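Let us take a friendly walk through a protein chain and look at some of the contacts between its side chains. Keep the sequence and the structure in view as you read.

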Amino acid sequence: MNRTTLSLGAAVVALAAVAGIASATSGGDSGTAAASSPARLPVERSSALCPSPGDSQTADTTYTSVTPKGTGAPPDGDGAAALVPAATGDGPGSEPSASSKKNGKDSKNGRATASASPSASGAKPLLSLKQPGTPVTATAGDDPAALVGTATGALAPGWTTQETTTDDVGDGRGVAGLTCTAPDTDFWLPGASTAEDREDYVHLTNPDDSTAVVDLRLYGRNGALKSDTADGLPVPAHSSVPVLLSTLTSRAEDDVTVHVTTRSGRVGAALRASDGTTGVDWLAPSADPASSLVLPGIPADASDVRLVVFAPGQNDADLNLKLAGPTGGIVPAGHESLHVKSGMTASVDLKDVTRGEAGSLLLTPSSGDRPTPVVAALQVVRGKGDDREMAFIPATAPVTARATAADNRAKGSTLSLTAPQGAAEVAVTASAGTGGGTPVTKTYTVKAGTTLAVTPPAPDGLKGSYALTVEPKSGGPVYAARTLALPKDGVPMFTVQTLPDDRGTVSVPAARQDLSILRSDD
C-alpha cells in the first residue's frame, strides 16, 4: 500500500467549507499529528430581520444599530452593515399597510394587499453602520415596512439592531420594543393569545432569494387548536407577512403557545400583541426547550406578572418556581410548583410577585429523575387602572461571552443581571452615543442566586442614544435583560429586551499539521 499525503492547504480548504475560514497558515514537519484545541474566530456575516412596526399614523419608530468593539475582527473599514425595506406579502388576517388603506385597497377577505415598499434587493438602505463601537439611528417613514439587514466583515460580530415604537393614542398606545431577530427554521412563542380583547400578529420575514414555506401550530390549555389555514403559508423572497392569530382558529384562548417551523427556507419570527387596556409590545421567541429556564428582568414595580409555559415533548413537566431577588431566592406564595401537561399550555398569575424589588424567575425541574424540556414567557404589567402598560419577558439563554442592547437613552434604562448558580463578575460598557460621547466601562459583582438591577453607566458627554454591552469576566452563568421606561401622561410605558449571547464568534476546529489518507495500490 502506498501512503499519499494530503497537504495542510487542502485541509484548510475543507475546513473553510465547513466553518467559513478564509485562510490559514501551515507549519511543522510531515508525519506529525499534533492537534490543538478549537479556536474561536469572529463571524464574517450576520443577519437581522425587523418586522413592520404597524400602520399607526401617530406612532414614532426608531431603529438603532451597533456592532460592539473588541472581537478581533478585521480593521474597522473592512465590512458593511445595512437595513433595507422588505415588501409586505399577504397572510391570513394580514394588516393592511397605511398606503393600501389610503388608496382604499383593503381586501374584503381580511387580507392585505402587498404594499408599495420596494424589495430588499433594490431598495435604498434605511440605515447603514459605519464602524464598530458607534451606534447609528434612523426613523421609520409614514408607511413603515419590515427591514432586512446583513452585516459583513468587521461589522458582523455582535451586530445588534433595536426597533422601538412609541404611541400615546388608541389600542397601540405604549412602547413596543424588539431586538431584531436572526433568521431560523424553528421558533417558540409562548404568551400569545386569541382572546377577543387581544390582537396578536405573528410577523414572518424572509431574508432570502426564494420563497419560504411556514407552518404555524397553536396550543392552548387543552392542547392543539384546530386550524385549516395555518399550514403551508408562503413568505415570498425579501418579504414580510403578518398573520392575525385569531383568524387561524375559532377558539378564543387567553394563553396560547405558537410554534413556527419552516418546510423550506428561513424566516424571522416575532409576535406583536395589542390590548385595549394594557397597550402593545413585541413578544420575542423563547429560548430553546430546556428543563431549566431563566426569565430575567422583572421590574420592581410590576403590578401583575403572568407566567405561560408549554411542554413540547412526550412527557408532562413538573417545575419549581423561584424568584431570584436582590438578596436571594424566594418561593412565590401559593405558587411553589407548576404541573404542565404534555402538548398543552399552562399559565399562572403571580400577581405583584416582586413586591418592590426587581427580580428574575427561575424554573427548575421538581425531580431530577425525569427532567422535561419546556418553553416559557412572562407577561408583565406596570401601573394601575387605566394607566397600565404591558411587556413580555421570554426565557433566554445565558451571556456566555457578550451581549448588547441598543437604544438606551439618557434616562429610563435599567439593566438586570442574574447569576442563578454562582457569583459572577460582569463588565458593562456604554458605547459612544449616536451623536457623540466617550465610552465608559463599569464592573459589577452579582451574588449567587440573586438579581442585580442597576441604572447602567452612560457615556461621558452623551449625545443621542447609546448601546450597552455585557461581558461576563468570571464566575457562574449570567443572564441579562434591559428595561427601557419612557413614561408619558401618567402611563408607565416600558419595554423589556433579554440579552442572549450575540454569537459573535464561532468555534473552529484546529487543523492538524499533517493529514494522511491511506489508498490501496489498486
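The paragraphs below go from the disulfide to the aromatic rings and then to the salt bridges.

Please keep in mind that this is a predicted model. Cys50 and Cys180 are its partners, with a distance of 2.0 Å from S to S. Are the two cysteines buried or exposed? Both Cys50 and Cys180 are buried.

Next come the aromatic rings. A pair of such rings is described by the distance of the centres and the angle of the planes. The count here is 2 aromatic pairs. One of them is formed by Tyr219 and Phe310, whose centres are 4.7 Å apart and whose planes are at 35°, a tilted arrangement. Tyr219 belongs to strand β14 (residues 212-220) and Phe310 to strand β22 (residues 302-310), so this pair ties together parts that are 91 residues apart in sequence. Tyr219 and Phe310 are both buried. Ring pairs also bring in Trp188, which is linked with Tyr219 and Phe310 in a cluster. Elsewhere, a ring meets a charge: Arg382 lies over the face of Phe494, 5.0 Å from the ring centre.

Now for the charged side chains. Side chains of opposite charge can pair when their charged atoms come close. In this model the count comes to 12 salt bridges. Among them is the one between Lys488 and Asp168, at 2.7 Å from N to O. This pair links distant parts of the chain, 320 residues apart: Lys488 is in the loop between β38 (479-485) and β39 (494-498), and Asp168 is in the loop between β10 (160-167) and β11. Lys488 is partly exposed, at 40% relative accessible area, and Asp168 is partly exposed as well, at 34%.

Another salt bridge joins Arg402 and Asp502, also at 2.7 Å from N to O. Arg402 counts as buried, with 6% relative accessibility. In the salt bridge of Arg409 with Asp407, the closest N and O atoms are 2.7 Å apart. Here Arg409 is partly exposed at 26%, whereas Asp407 is buried at 1%. Finally, look for Arg221, Arg251 and Glu253, which salt bridges link in a network.

Definitions and conventions
Residues numbered from 1 in each chain as written. Predicted model: local features only at pLDDT ≥ 70, side-chain atom pairs only at ≥ 80, totals over all residues. Heavy atoms only, no water. Disulfide = S-S within 2.5 Å. Buried < 20%, exposed > 50% of the residue type's maximum accessible area, 1.4 Å probe, protein only. Phe/Tyr/Trp six-rings, centres within 6.5 Å; stacked < 30°, edge-to-face > 60°. Helix = DSSP H or I, 4+ residues; strand = E, 2+ residues; numbered from the N terminus. Lys NZ or Arg CZ within 6 Å of the ring centre and 35° of its normal. Salt bridge = Lys/Arg side-chain N within 4 Å of Asp/Glu carboxyl O.
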